[in-house]
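Hi,

Here is the structure I promised to pass on to you. Have a look at it first, and then read on for what turned up.

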Amino acid sequence: MTDWTRASAADMAAAMRRGEVTSVELTRAHLERISAVDGDVHAFLHIDADGALATAREVDAARDAGEELPALAGVPIAIKDVLVTEGLPTTAGSRILEGWIPPYDGTVTKRIRAARMPILGKTNMDEFAMGSSTEHSGYGPTHNPWDLERIPGGSGGGSAAALAAFEAPLAVGSDTGGSIRQPASVTATVGVKPTYGGVSRFGAIALASSLDQLGPCGRTVLDTALLHEVMAGHDEMDATSLDEPVPPVVDAAHDGARGDLSGVRIGVVKEISGADGGFQDGVKQRFEESLEHLRSMGAEIVEVSCPSFEYALAAYYVILPSEASSNLAKFDSVRFGMRVEKGNVERTMAATRAEGFGDEVKRRIILGTYALSAGYYDAYYGSAQKVRTLVQRDFDAAFADVDVLVSPTTPTTPFKLGERIDDPMAMYLNDIATIPANLAGIPGMSLPAGLAEEDGLPVGFQILAPAREDARLYRVGAALERALTDEWGGALTAQAPELEVK
Amino acid sequence: MAGLTYEQALERFDPVFGIEVHVELNTATKMFCGCANQFGAEPNTQVCPVCLGLPGSMPVVNQKAVESAIRLGLSLGCSIRESSRFARKNYFYPDVSKNYQISQYDEPTCFEGSLDVVLDDGEVVTVGIERAHMEEDAGKNTHVGGTGGIQGASHSLVDYNRGGVPLVEIVTHPIEGTAERVAEVARAYVATIRDIVKALDISDGRMEQGSVRADVNLSLRPKAAAGEDQSAVPFGKRSETKNVNSLRAIERAIHHEVVRQAELLLAGQPVVQETRHWHEDTGSTTPGRSKEQAEDYRYFPEPDLLPVEPSREWVEELRGTLPEHPAKMRARLKDAWGFSDTDMRDAVNADALDLIAATVEAGAKPQAARKWWMGELARTANDRGVTLRDLPVTPADVAELQQLVDAGTINDKLARQALEGVLAGEGSPREVVASRGLEVVSDDSALEAAVDEALAAQPDVLAKIQDGKVQAAGAIVGAVMKATRGQADAGRVREIILARAGVEG
C-alpha cells in the first residue's frame, strides 16, 4: 500500500484526478501521521481533523459528480498560525491570543478554501514571528525532524517541520527576515518569499508590515509553485498588494526541470556567501557543488558585491522592532484575547501585556518604542530607511548584470535547541543572508543543497530575483533540484531519519 | 486680580490664537474600511475587523475621502502635495482600536492656504492655513457610574461605530492682530469653515452632532508700547481648549481663556501650556493633561498604505467643482434678495441661508421665505430644541404654503394652522388645508348670514357705525371670524358690515 504522505502534492493531485486515491484517504493519512509523530515534533498548535475531513469529503463528492476542480483540490495543507482562519484558533504563537477564534478569514485563507484544500491545522511559530528557532513560541518549541534536539528554524519552524516530518505536503509560511527560507534550509524543504505585494497580507497578523510577506512552503519546487499560484494575486483588501498578473511560476518550474540554464547569468553575492568567514565549511562545500551543477546546465556564474549588506542586519533590527512596537499595540485585552484584570484599563492593559508577551517580543517592543521616540527617530528609524534604500540600490545594480543572485540560505546547519536562546545577537546573525531580500521587497527561495559533511544536517541554497520576477526563482530552483535529486536518487527528505511512530 | 472683564484683559494684553477644526466627512463608508459612516446607529453595529483593529486586518484608503479632503484643501487655498503619506500616531487609549490612529504627519495632503473671513460689519480678516490633513476618528467612550466622567466611573463602554470615520483636520497658523475682536474672528472662522464644508457637500456640518469640532489655542502677550511693533513681542504660553463644539461656545471659550490667562499674568503667575476641557454649563475650562509632559506619539509612515498621489489633472478637475466662497455667495444673495444687514446676519446665524434659498428656488418671494424660516419655524425649532433642518418641513412646503396665502386660499392665521399640520406630519400644506378644511370662506352669502347673525346679537353696533364710529365694526368682524373659525377674509367681512350699515368703507 502506498504511503501517500511521502508523495509530492503534484502527484497527490494527479492521483486523485486518476481516481487512484481520494482526498479523504489523503487527509486521513496525514492526520494519522500527525497523531503518530507530532507528539515529538510539535509542528502543530491546533489540528482541525473534522474541518479537514469535511472539506475532503466535499471535494471527493464534487469529483465524483464530475465537477471541474482547482489544481490542488483535495490536497491537504497546514497553515502557519500567523494567518487568521475563521472559526479556527489563531494565536501567532502568543499566549496573549490564547483561545481567540477569528471571526474572519484572511485573503490567503479564503484562497486556500476556494482552492478546496483541506486545512489540517495551524502550525507553530516563534511568537509573532520573532525568532529563528520557534523557541520563542508561547506554546513550546518545534523539533527538527532531522534531529529532534535541533531547531527547525523560525519563525516558521512549524510549517517546515510539518513538511519534513511528512505531516503535510504543503504549508503556508510568512517571511519577514527569512522566516520561510531559513526553516526550509534547516529542514531540507523548499520555501519561497514572494515579491512584496505579490501575496495579500490581509489576515496575516502583522510583525513588520513593510517587510512581511506570506509565501508557499513545500517539499519540491513544483509543489511550492503550485501553492504560490493559489496564494498570489491582487487583493483590494491589501493596499500594498500588486495589481498585476501572478508571475508564471508553475510554467517556470516545469521549464527549469528540463535542466537547461543556457544564457542565465547567476551572481554569487560575496557578502552573504561566507567569503569573509562565519559560514560553516559543510555549508560552503554544498553551496559550491550546487554552483557546479548550475554551471553544468549552462548557467554563467559571476561574483557580485553588495557592499551595503554589511548594514542590512542593523537596519533590519531597527525597522522591524519599530513597526512591530506599533503593530503589537492592539494586543491590549480590550477587544479580544487574554485579559489580566487590574482595577483600571491602563493597569489591565499593562498587566495583560506583561503576562501575555514573551521576552523576545518585549525586547523588540522596547527597542522599537525607543527607536521611534522623539529625538531618536532620525538617528535610528531615519538612518535605517536610508540603509534600506542603499540595499535596494545594491540589488538594482547587481540585477542589472545578472538574472538571479545566490547564496547559502543560512551560515550554518540547524543548531541545538537552547544553544542560542540567551544570545539574541547569535540568533539574529542566522538571518544575515535572508534579510536583504525583505529590505528590498524582492523574492527569494530556499531549496535543499544537501547535507553538511561534518554533521549530516541539511544545507539550504538561496536564490534571489528582482521584484516581480518570482518565476526566475522557480526556473533556476527547479533546474538545480533536478540535478541534485538525480545525484541523490530522490528527494533529500527521503534521507531523513525515520521518526519514531507513536 | 479677580473680577477682570474681557475688555479690561484685552486693554492689557494682545491675544494670539489658532484653531484646529475637525471635519467629519459625509462619505458613505469609513476612512479605511467598508463600514457605513452614519451617525446614531446602535453601538458597535457599524464595525468590521478593520475598524475594530482585529489581528491581521489592514486599512485601505477611501478614495472619496481623499477627493473630499482635496476639494476642501483647494477651497482653503491650499497647495496639494503631489505625494503625501499617512502616518501612525501611537498612543494607548481604548477608543483607538489599534492603539494608533492613522493620520498624516510631516506630509499632509493639503498645506499652506489662506481663508478670508468676513465679520458681521463686513471687515475681512485673512486667516493663514497651515495644513489640512486626513485622519480617522476614534470610537466613543461612555463612562458608567459616577458623574459620567472617567473619574469615579465604575466601568466604561466603548462604541466603535465612530472609529474610522473620515476626518479632515484643518490647522491655522497663529492668528495675530485681532485684538478686541479675537472672539468674533474665531467664531467667524469656524462658521466659515462650516459653511464651506456644507457648500462642498463633504460634511453635514452639524456642530451639535460633532461633525465639525474645534480646538482653540490661545495665548496672551503684553501689549506693545505706543509706537512699537506688536508682532515683535514674543508669544506667551498657550492653552489648548478641546472640543468647543458650537459657534457660541467658541466665543465664550475665548472670553473665558482671555480673562483667565490675563488674571494669572497680572497676578504674576505663569500660564501653563496645557490642554483644557471646555464646560458648556459653566462657560469655563479646566486643565487636562499638561503639554509639558506631552505624550510622544512616535509618528512614523503608515507601512500598510501607499502614498496618496493625486494626478495634477484630477486636482484641476476637482478645482473646477468648487462652489462659490460662502462670503461671496452671501453678498450676492443679500443683493438679490434685498435683505438688510440684520436680516442677512440673522439668517446666517440661524443657519437658514440655504433653506431660504431653496424656498426662493421653489417659488416663494425672498422676504416671505425669510419670514417663515426666521419667524414661525425658528420659534418651533427653538421650542422643540432642534435645528431648523431637523423640522419635518421642506423648503418646498414653505413655498407652497406661501403660494396658498398669496392666492388668498388661506390667510396668515390659517397658514400657521396649515404649517402646524405639516409639522405634525399630516402632509403637504395643500393636503393639510384640504383635510383640516382651512380654506378662507369666500362665499358672500355665507359671510352675509354670519354678519347678520352677529349684528342681531349686538344691535347697538350698527347704530354706532351709522353714527360714524366705523371702528366699532371691529367687534362684528371679530364675532364673524370666531363664528367661521378664522376662515373668513376679514377685509371682505368688513365690507359687508359697512354695506349693511349703509356707509362707505
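This is a predicted model: local features need pLDDT of at least 70, side-chain atom pairs count only at pLDDT 80 or more; totals for chains, interfaces and linings use all residues.

Chain A holds 16 helices and eleven strands. Its radius of gyration is 21 Å, close to the 23 Å that the globule rule gives for 502 residues, so chain A is as compact as a globular protein of that length. If you draw a box along the principal axes, the C-alpha atoms of chain A fill roughly 65 × 50 × 45 Å. Of the 502 residues, 63% are buried.

Have a look at helix α5 of chain A, residues 157-164. How many of its eight residues are buried? The count is eight of eight, which is how α5(A) comes to be described as mostly covered. The buried set consists of Gly157(A), Gly158(A), Ser159(A), Ala160(A), Ala161(A), Ala162(A), Leu163(A) and Ala164(A).

In the loop between β3 (119-123) and α5 of chain A you'll find Ser155(A). A cis peptide bond joins Gly154(A) to Ser155(A), with omega at about 5 degrees. Just after α5(A), Phe166(A) takes a positive phi of about 60 degrees.

Further along, Ser333(A) also has a positive phi, about 80 degrees, although it is not a glycine. You can find Ser333(A) in the loop between α10 and α11 of chain A. Is Ser333(A) buried or exposed? Ser333(A) has 22 other C-beta atoms within 10 Å, and the cut-off for buried is 20 or more, so Ser333(A) is buried.

**Where the chains touch**

Now bring chain B into view. The contact takes 33 residues from chain A and 26 from chain B. On the chain A side, the elements that give two or more residues are α10 (312-327), α11 (345-356) and α12 (359-372). Which of them gives the most? That is α10(A), with three residues. Sorted by class, the side of chain A that touches chain B has 17 nonpolar, nine polar and seven charged residues.

**Chain B**

Chain B has 17 helices and 14 strands. A compact globule of 505 residues would have a radius of gyration near 23 Å, but chain B comes out at 29 Å. Its C-alpha atoms fill a box of roughly 90 × 60 × 55 Å along the principal axes. Buried residues make up 41% of the 505 in chain B. As for contacts with a separation of 6 or more, 68% of those in chain B are between residues 24 or more positions apart.

Start with α11 (residues 395-406) and α12 (residues 412-423), whose axes come within 10 Å and cross at roughly 155 degrees. Angles over 145 degrees count as roughly antiparallel, and α11(B) and α12(B) are therefore roughly antiparallel to each other. Their crossing is right-handed. From α11(B), the residues that take part are Asp397(B), Leu401(B), Leu404(B) and Val405(B); they meet Asp412(B), Ala415(B), Ala418(B), Leu419(B) and Val422(B) in α12(B). That contact divides into seven nonpolar, no polar and two charged residues.

Helix α8 of chain B (residues 353-361) packs against α11(B) as well, at an angle of about 50 degrees and with the axes 8 Å apart. That makes α8(B) oblique to α11(B). The crossing of α8(B) and α11(B) is right-handed. Here Leu355(B), Ala358(B) and Thr359(B) in α8(B) meet Pro395(B), Val398(B) and Ala399(B) in α11(B). By class, this contact has five nonpolar, one polar and no charged residues.

Asn99(B) is in the loop between β3 (87-90) and β4 (100-103) of chain B, and its phi is positive, near 60 degrees, in a residue other than glycine. With 21 other C-beta atoms within 10 Å, Asn99(B) is buried. Thr142(B), in strand β7 (residues 140-144) of chain B, has 13 C-beta neighbours inside 10 Å and so counts as partly exposed. Leaving aside neighbours within four places in sequence, Thr142(B) is in contact with Ser156(B), Leu157(B) and Asp159(B).

Cheers

Note on methods: Residues are numbered from 1 along each chain as its sequence is written. Chains are lettered from A and ligands numbered from 1 in the order in which they are written. Axes are lines fitted to C-alpha atoms, for helices over the stretch in contact, and angles run from 0 to 180 degrees between N-to-C directions. Helices (H or I, at least four residues) and strands (E, at least two) are DSSP runs, numbered from the N terminus. Angles under 35 degrees count as roughly parallel, over 145 as roughly antiparallel, 65 to 115 as roughly perpendicular and the rest as oblique. A crossing is left-handed if the near helix is turned anticlockwise from the far one by less than a right angle, and right-handed if clockwise. Two residues are in contact if their C-beta atoms, placed from the backbone, lie within 7 Å. Ala, Val, Leu, Ile, Met, Phe, Trp, Tyr, Cys and Pro count as nonpolar, Asp, Glu, Lys and Arg as charged, and the others, Gly among them, as polar. The radius of gyration is taken over C-alpha atoms; the globule rule is 2.2 Å times the number of residues to the power 0.38. A residue is buried if 20 or more other C-beta atoms lie within 10 Å of its own, exposed if 12 or fewer, and partly exposed in between; C-beta atoms are placed from the backbone.
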